[in-house]
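The sequence and the model are shown first.

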Amino acid sequence: MALTLQQAQTSVRTASGLDMLAGLWLVLAPFLLTFTGITAATINSVVLGALILILAGSREFGEGYRHAWPSWINVIVGAWLIIAPFALGFSASVEAMWSHIIAGAAVVVLALWSALSTPGEHQQG
């Protein structure tokens with residue numbers, strides 16, 4: 001059963017709002033978990049957290065819920081967050097590694113939910 005336009009809008013905005021919380025966590029995590037001494041982890045976390053906030057936020061307001069591409073980009077960003085501790089060499093820092101992996105998994109799931117809830121072009125209320 002297809003979602004109504006109102007249900008799709010609510011679903012997209014709920015998932016994107018939760019995605020924004022994951023982005024905010026990533027921005028704050030290096031300071032809260034004190035891994036600011038690991039440059040690669042800090043830059044990756046703050047920059048990608050801000051990107052997630054912007055992309056997910058773009059789906060929250062106005063007609064942004066009608067465009068799935070920001071969520072698809074967040075799926076890719078979330079996947080990168082999962083592999084970043086190993087690719088960038090900071091997997092020895094338990095705090096930085098798990099912050100990235102858990103937030104990345106949450107971003108992937110939430111961004112997929114948001115993208116797949118996007119109303120179709122001809123969907124009506």
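In this predicted model, helix 1 bends by about 30° at Leu-26, and a proline, Pro-30, follows within four residues. Despite this feature, helix 1 reaches 39 Å from its first C-alpha to its last over 28 residues, close to the 40 Å expected at 1.5 Å a residue. Just after helix 1, Thr-34 adopts a positive phi of about 50°.

The protein chain contains 4 helices and 0 strands, in the order α-α-α-α along the sequence.

Leu-26 also belongs to the largest nonpolar core, which has 8 residues, among them Ala-22, Leu-48, Val-77 and Val-107. Helix 1, helix 2, helix 3 and helix 4 each supply at least two residues of this core. A second, separate core of 6 residues includes Ala-29, Ala-41, Phe-90 and Ala-96.

Asn-74 lies in helix 3 (residues 69-87). Because its relative accessibility is 1%, below the 20% cut-off, Asn-74 counts as buried. Beyond its sequence neighbours up to four places away, Asn-74 touches Asp-19, Leu-51, Ile-52, Leu-55, Ala-56, Val-107 and Ala-111.

Values for the protein chain are as follows.

| Property | Value |
|---|---|
| C-alpha span along principal axes | about 50 × 20 × 15 Å |
| Residues that count as buried | 46% of 125 residues |
| Accessible surface | about 6500 Å², 73% from carbon and sulfur atoms |

Among contacts between residues at least 6 apart in sequence, 67% join residues at least 24 apart.

Methods: Residues are numbered from 1 along each chain as its sequence is written. This is a predicted model: local features need pLDDT of at least 70, side-chain atom pairs count only at pLDDT 80 or more; totals for chains, interfaces and linings use all residues. Side-chain values use heavy atoms; hydrogens and water are left out. Buried means under 20% relative accessible area, exposed over 50%, partly exposed in between (1.4 Å probe, protein chains only). Contact means heavy atoms within 4.5 Å. A nonpolar core is a set of buried Ala, Val, Leu, Ile, Met, Phe, Trp, Tyr and Cys residues joined through side-chain atoms within 4.5 Å. The expected span of a helix is 1.5 Å times one less than its number of residues. The bend at a residue is the angle between axes fitted to the seven residues ending there and the seven starting there. Accessible areas come from the Shrake-Rupley method with a 1.4 Å probe; for residues, only the protein chains shown count as cover.
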